[in-house]
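These are my notebook entries on a protein model. I record what I looked up and what I found.

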Amino acid sequence: MSNSPYRRIPNSKLNPNPNPNPRSLPASKRSKALSLPDVWFKHQSLKHATLKMHLRSLSASPPSDTDFSFLSGLKSVTLDPPGPDHTALLSDELLLQIFSRLPISCYISNSLVCKRWLYLHGRLVQSLKLTDWSFLKSGRIFRRFPNLTEIDIVNACVRTPLNSGILVTHKNLSIHVGTEFAGTEFIEPIYLLPSDLVDSGLEMIAKGYPNLRRIFAIGASETGLSSISNECDTLQELQLHCCGDLSLKGISRCRNLQVVKLIGRVDEFYNSVVSDIGLTILAQGCRRLVKLELCGCEGSYDGIKAIGQCCQMLEELTLFDHRMDGGWLAALSFCGNLKTLRLQSCKSIDSDPGPDEHLGSCPTLEELHLQQCQMRDKPGVKALFLVCEAVREIVLQNCWGLEDEVFAFASVCRRVKLVSLEGCSLLTTGGLEAVIVNWKELQRLKVISCNKIKDSEISPALASLFSVLKELKWRPDSRFLLSSCLAGTGVGSKGGRFFKGLKG
């Protein structure tokens with residue numbers, strides 16, 4: 001034993017386990033090593049809390065001699081720092097090639113990523129439907145979409161409330177109508193932009209988009225259309241709403257124009273006049289027309305003749321709700337290269353076609369389409385089939401007055417290969433057979449929703465014709481098809497007047 005007056009205490013009692021094993025300690029007392037993210041997060045949290053305390057003290061009553069030098073590190077204090085932009089290494093041309101291969105539905109979402117992608121998205125857009133006139137007037141459209149080749153300014157030229165919730169739709173136009181509407185026309189003159197404003201907008205478009213190929217406009221005059229024809233040499237398609245005869249002088253210099261659609265008068269929307277004068281001006285200036293559509297246009301033999309003589313490349317002519325004078329059908333013989341003739345929503349075919357020997361014919365015509373037309377005028381229908389006697393395809397859809405006697409006029413067309421009948425409720429099985437059994441070149445037949453044509457009335461001659469056809473689509477009686485589908489289901493066997501017509 002030592003002679004020291006102090007008693008020595010063993011180390012084991014002062015520190016019973018100087019180097020304890022961490023695994024032997026409870027989980028609550030184990031020390032966890034801090035990882036680099038934890039250290040960074042604690043450091044940033046401390047800086048963020050310190051900065052908040054400084055800002056609160058300043059907002060309470062900052063002294064005049066306060067040192068603001070600590071604010072220099074404000075930008076570095078972030079809890080979620082932005083990651084690196086890897087697309088910055090790619091050129092605009094390469095990104096454009098990548099974006100161009102994506103679906104069009106992704107364009108809008110991609111444009112919201114950043115300002116650069118927004119700019120590149122605008123360079124990809126080539127077609128635009130303008131709804132806000134100020135977007136054009138301010139010039140923002142040219143910075144946002146510098147490469148447009150197609151633009152529609154019709155809705156932007158109509159000053160109607162966009163938040164009305166009342167949308168009126170026509171075949172060629174859809175507009176919003178206010179609740180205070182009480183006139184005879186949905187688009188009254190006060191709702192249209194003045195022609196001088198429309199012309200100034202067209203001048204801006206002509207200078208901003210010299211490579212324009214397609215444009216839709218309304219209420220434009222000769223001045224505005226002249227600027228388009230002078231600057232846009234590549235213009236190929238034009239659609240004009242509410243246009244007049246004299247305004248068509250502006251497009252007489254569009255040498256490369258191939259597709260023209262003129263909407264003159266639309267009932268309950270607007271009223272403008274396109275007559276033989278306008279058709280003659282159009283024919284003399286646009287000699288390369290391939291497709292012409294006249295909606296609500298007036299005219300006569302002279303206007304159609306001018307189109308046929310001057311536009312020798314014309315292949316497709318469409319008349320929608322035409323207001324042609326009697327005798328216009330005879331002028332179709334001057335369309336030497338016409339391949340397709342369409343009549344839609346016409347109240348009459350030709351009120352006074354004249355003698356049959358003066359009608360002529362279209363030797364190159366291949367397709368004749370009539371949709372929702374009145375065919376009760378027998379002389380007009382007869383003259384139409386005489387002019388179209390060389391036709392190869394006849395399509396009749398929802399035409400009123402198409403009886404057996406009227407359909408019999410089509411027997412003069414000996415070279416028909418395809419017949420499509422839909423919604424011809426007055427035509428019977430006998431009337432159909434009397435015509436088509438004489439067409440030796442017939443290959444395809446479609447009969448849909450013609451309720452007077454019955455399966456039980458098919459003769460052996462008609463059945464023999466069906467057996468040699470390349471294509472037969474036979475669904476004449478929709479009620480019979482519905483009852484056959486419901487057979488065995490029990491529907492219609494009890495109660496209700498509604499199902500009485502479904503039983504055989």
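Entry 1: I note here that the model is a predicted one. I then looked up which residues of helix α11 are buried; in this helix, residues 301–310, they are G303, I304, A306, I307, G308 and C310.

**Entry 2: strand β8.** I found β8 mostly covered, with four of its five residues buried. I then asked which strands are joined to β8. Strand β7 (residues 259–263) runs parallel to β8, and five bridges join the two. I looked up one of the partners: V259 has K291 in β8 as its bridge partner. Strand β10 (residues 316–320) also runs parallel to β8 and is joined to it by five bridges. In this pairing I found E293 opposite T318 of β10.

**Entry 3: helix α15.** I asked which residues of helix α15 (residues 460–468) are buried, and I found L462, L465 and F466. These residues lie on the same side of α15, because they cover an arc of only 100° around the axis. The general rule I recalled is that an α-helix has 3.6 residues a turn, so residues three or four places apart point the same way. I then looked up what the buried residues of α15 pack against, and I found α14 (429–436), β16 (444–448) and β17 (471–475). On the face turned away from the buried side of α15, I noted the exposed residues P460, S467 and V468.

**Entry 4: cysteines.** How many disulfides does a search of the whole structure find? I found zero. C243 is in no disulfide, and the nearest cysteine sulfur, that of C297, is 6.6 Å away. C243 counts as buried because its relative accessibility is 3%. I next looked at C373, whose closest cysteine sulfur is in C346. The two sulfurs are 4.4 Å apart, which is too far for a bond. For a disulfide, the cut-off is a pair of cysteine sulfur atoms within 2.5 Å. C373 counts as buried too, because its relative accessibility is 0%. As a reminder to myself, a disulfide is a covalent bond between the sulfur atoms of two cysteines.

How values were computed: Residues numbered from 1 in each chain as written. Predicted model: local features only at pLDDT ≥ 70, side-chain atom pairs only at ≥ 80, totals over all residues. Heavy atoms only, no water. Buried < 20%, exposed > 50% of the residue type's maximum accessible area, 1.4 Å probe, protein only. Arc of directions from axis to C-beta. Contact = heavy atoms within 4.5 Å. Pairing = 2+ DSSP bridges.
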